[in-house]
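Trainee: I would like to go through this model with you. Can we take it piece by piece?

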Amino acid sequence: MCNKVFGLALLLLIPGAVGLAQELAIEDAAVYSSPEAPLRRHMTIVIHNGVIADAGEHVRIPKGMQRISCQGCVVLAGFWNAHVHFMEPKWNDAAHLPAERLTRQLSEMLTHSGFTTVVDTGSDVENTVALRKRIESGEVSGPRIFTAGIPLYPVHALPFYLADVPADVKAKLGQPETAADAKALVDKNHAAGADILKLFTGSIVRPNQVTPMQVEIARAATEEEHKSGGLVFSHSSNMEGTKVAIDAGVDVLAHTPEAVNGIDGAVLQRMVAQQMTISPTLKLFSQDRDIAKIRGLDYQFHQLGGRLVYGTDTGFLADYDQGEEFRQLMAAGFTFRDVLEMLTTAPAALFHLSQREGKVMLGMRGDLTVLSDDPASGRPEAFTHVLYTIRGGIVIWQANQTMK
């Protein structure tokens with residue numbers, strides 16, 4: 001298990017790490033305990049000290065425990081979004097913004113969609129760590145956050161869409177010229193509180209022009225991150241950037257490459273052999289003329305045994321609605337169980353947390369997403385009909401429901 005990820009995971013499993021762990025019972029619910037499991041009805045789930053202490057059809061609820069009557073509800077393990085950003089100006093000075101404002105912003109962006117854990121793949125690390133600290137203290141209601149902090153870019157090749165970034169922010173963007181520079185920037189990010197690393201192995205310097213990162217620099221950064229036990233995500237963009245990511249030993253493609261030319265079955269098989277993961281972010285490409293090919297790349301990767309994790313680029317995309325991502329995934333041919341795996345067990349496995357979360361089972365972390373609609377219906381929007389978002393037994397968002 002990765003030491004750094006394990007350390008943060010251990011901290012977040014300690015009772016009280018998110019305020020005071022709540023005692024909570026969910027009564028008479030329909031439950032998918034895992035992506036493979038059949039739907040079980042009339043289930044009661046008891047969360048004690050942030051962990052699922054009991055689950056079944058005839059469960060005694062301790063006296064005085066807070067209850068959610070859940071007839072008509074469908075309970076799933078807490079959703080992950082493995083590609084978000086806290087880069088919008090409204091997150092600036094997160095250390096001092098009013099707690100109520102931050103809770104509202106997190107609700108609008110993430111928790112209303114059922115996300116109990118998110119992976120920030122690029123932001124001002126000090127600001128995002130400050131936000132995370134306020135969430136973990138219980139002062140602000142929000143998801144668990146893993147962060148990449150400030151990404152690394154090819155030298156003199158920032159993406160064109162960052163042209164209007166303020167000069168003080170642009171000065172922080174790492175563009176290592178040597179392997180030693182790359183290692184130093186990785187270490188600096190870690191010292192500031194980053195958990196993972198994001199590389200732009202293919203930077204879109206202008207529309208239809210991608211500049212790759214030198215593979216020696218990408219490999220040095222990846223090896224340095226792996227020494228600390230962190231995962232490495234890559235924005236690869238096209239075949240050349242994807243090849244750099246593969247050769248450098250990157251763990252995750254943060255997007256499906258939008259330029260698919262040259263990325264064939266042999267390339268995907270090599271990625272699978274190296275146990276690489278893809279976060280599709282299909283909503284981002286939904287207006288591209290090649291969207292069908294991009295979807296097909298994800299589905300082929302899946303058929304070859306590759307792991308996919310749900311991610312949407314929320315925060316870079318100012319539209320927080322998740323419906324289009326679910327529509328695109330199902331248009332690609334994924335079943336609701338495939339999508340549920342991307343939301344739960346796949347990211348838990350990626351972050352080496354499968355022993356404690358990703359399923360609704362005894363001993364698992366009390367992170368749950370409660371829907372009003374069964375995703376087995378085949379309707380993509382079912383995944384967006386969230387009633388409750390529960391983190392460690394604490395309700396961090398609810399859709400105007402009442403609890404006893």
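Trainee: In what order do the five strands of the open sheet run?

Mentor: This is a predicted model, numbered from 1 along each chain as its sequence is written. Local features need pLDDT of at least 70, side-chain atom pairs count only at pLDDT 80 or more, totals for chains, interfaces and linings use all residues, and side-chain values use heavy atoms, without hydrogens and water. Strands are DSSP runs (E, at least two residues), numbered from the N terminus, and two of them pair if DSSP finds at least two bridges between them. Here the pairing is parallel, and the order is 9-12-13-14-15.

Trainee: Which residue in strand 15 is the bridge partner of Ile278?

Mentor: Strand 14 (residues 277-278) runs parallel to strand 15, and two bridges join them. The partner of Ile278 is Leu308.

Trainee: How far apart are the end C-alpha atoms of helix 6?

Mentor: Helices are DSSP runs of H or I, at least four residues. The expected span is 1.5 Å times one less than the number of residues. Helix 6 (residues 215-227) has 13 residues, so it should span 18 Å. The end C-alpha atoms agree, at 18 Å.

Trainee: Is Met87 buried, partly exposed or exposed?

Mentor: Met87 is in the loop between strand 6 (79-84) and helix 2 (99-109). Buried means under 20% relative accessible area, exposed over 50%, partly exposed in between (1.4 Å probe, protein chains only). At 37%, Met87 counts as partly exposed.
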